[in-house]
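Student: I'm new to this one, so could you walk me through it slowly?
Tutor: Gladly; here it is.
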Amino acid sequence: MDNEYIPEFFTIEDIFEETEDTKTYTLDRKIDSSPGQFLQVFLPVYGEAPISISSHRDEKVKLTVRSVGDVTRALGRLKKNDRIGIRGPFGLGWPIEKARGKNVVIIAGGIGLAPLRPVVKEIENNRDSYEKVILLYGARTPDRILYKKELEEWTKFIDVKITVDYFDKVCDYQCKAWQGDVGVVTKLLDKSDIPLEDNYAFMCGPPIMMKYSVMRLIEMGFSVPRIYISLERHMKCGMGFCGHCQIGGKYACKDGPVFSVEDALTWSERPEELEGIR
Amino acid sequence: MYIYTMPKNRINEFLELIKRDFRVYVPENDRFVEMEYGKHVSFGKAKTLHGIKDIVFPKKETLFGYDVKGNIEDKFVDERKAVVGVRVCDVRGLQGLDRYFISTVHEPFYWKARENLFIVGVTCEEATSSCFCTQFGGLDNSDIEYDVWLTRIEGEYLFEARSSRAKDIAETMKLEKAAVDKISLKQKLINKVESEMGWSKIDDKKIFESFKEKTSNSVWDELSDKCLACGKCNFICPTCHCFDVVEDVDFDGNGERVKVWDACHLWKFALVTGDHNFRGKRVARVKYRIYDKFYYPVLTYGSSACVGCGRCLDVCNVNIDLRYVLKSIAGGV
């Protein structure tokens, strides 16, 4: 019998400290995945957690993980050459193929940038296939910005705008040097020249950020069927059996985690990420 | 389909024949237990309080084991089980579970258990006060899958053999073919039991449409004021299929990954890391469960996930009656 619950073990080849509580783990192998899919990461004794894939299929697997729960904190204590169990990839990702030839608006909040990194990598690999591409990224503070180095490189081929919620006077020098925007992501939306025709929007972040960003996009005249959001739930099995990630009868693990806002608005259980819209 | 008659006193012979190939589960008091040698088997007149869900989908099941060094051990055991004395609602419940667990990807444990399952049904002779299967097809077994179906008629069993294995058993036992009047007596029995239920069917479409409209109805607030959200109805329901996956670890660090039943009524169900709860309010959980019986499955699979067994009412601490909920949503109360 094929026991799909048994993970395959990968070795951690590299660990990069993105922020105080977030690290990017590069594993020893590639995996065939599409942007927006996720893996179930297993650590014996601690359990399993669903983690977005941050790498493009051309790269070795990268997982950007914030240490907040049981498994992710245990993951945070691992070192190079330690092994982790992997199941997946699971789920349906961003409609990156449909977005070919179109303008793309990428909106990310906090760790929500992790599942969108492979989108940027895909666009980098096929830059000519996409029109205008804007990445709007909100982090809580300057020292919590992920992929700092890469974000700079990305400015060479897409528009990148970053905002922070606030910055402390008494923190590292980087904070004091923050010259960029301050405020929530929707502020960046107002400031940017958002293409309203032939467009797609991909969004991932905390529920409240997604809710207001979707609202703002709709107000601006963005077509609802072309706004896609990633709904994060605690998937336990990843295969549509256990029921934990259900929202309005859909399973985030197999029908999502990426959903079109148009679909999600028709569900009789409104996802918290879209509460109060229309 | 072949229909035979089996004298009542040959039931043990029949069970022993099944036992050659299967672990046999039979009703005892309120639940199904493994048949003990020589013990008298009695089917009762109606459903058991506990169904057969835990025979194919155990409360707790090991997915795999591991040791401190990280070695994985697949602990799957291939078992052949037979359930004898199940009711139409039990089989409809299994078919409800099949929709969730056997689709494009198969839940490996359930799938194996289900493939190996031998089903012997019994026609109900009475309706309990909570029964309302007439809403979902009643006692007619022509649209469900089973191996043997027994109906007690005039001191004999009408023996319906649907699978080839069941036919083989009938041949081995040299059972006689049933006369036409016996078969018509079965229909008479069914009519009697169904009329006892006294449930006048609500049009399925009407139920669906009402659920579609009444997403923000006061009914949900009233219901969640009364409901304790204890999860008993989830666990007893033949089509509730949610489970959690947890670690069962000993002090040395050797352990197992196990799946255990979970319930969407429980507060913790939609809790995620960072103490965020997507269904923190009881009304959201109470409403969700009912929608996941009568609305979402209709959208996904074309029919509701309720079988009308009424077990949720049997176990409810505060006597919440789904029949009443249905009527208050779809009209009639």
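Tutor: Two residues are in contact if their C-beta atoms, placed from the backbone, lie within 7 Å. This is a predicted model, in which local features need pLDDT of at least 70 and side-chain atom pairs count only at pLDDT 80 or more, while totals for chains, interfaces and linings use all residues. Residues are numbered from 1 along each chain as its sequence is written, and chains are lettered from A and ligands numbered from 1 in the order in which they are written.
Student: OK, how many residues of chain B are in contact with chain A?
Tutor: On the chain B side there are 39, and they are in contact with 28 residues of chain A.
Student: And which element gives the most to that side of chain B?
Tutor: That is S11(B), with 6 residues; helices (H or I, at least four residues) and strands (E, at least two) are DSSP runs, numbered from the N terminus.
Student: What about H7 and H13 of chain B, at what angle do they cross?
Tutor: The axes of helix H7 (residues 204-213) and helix H13 (residues 322-330) of chain B cross at roughly 70° and come within 9 Å, the axes being lines fitted to C-alpha atoms, for helices over the stretch in contact, with angles running from 0 to 180 degrees between N-to-C directions. H7(B) and H13(B) are therefore roughly perpendicular to each other, a label for 65 to 115 degrees, whereas under 35 counts as roughly parallel, over 145 as roughly antiparallel and the rest as oblique.
Student: Which residues of H13(B) make the contact?
Tutor: B:Leu326, B:Ile329 and B:Ala330 do, against B:Lys206, B:Ile207, B:Ser210 and B:Phe211 of H7(B).
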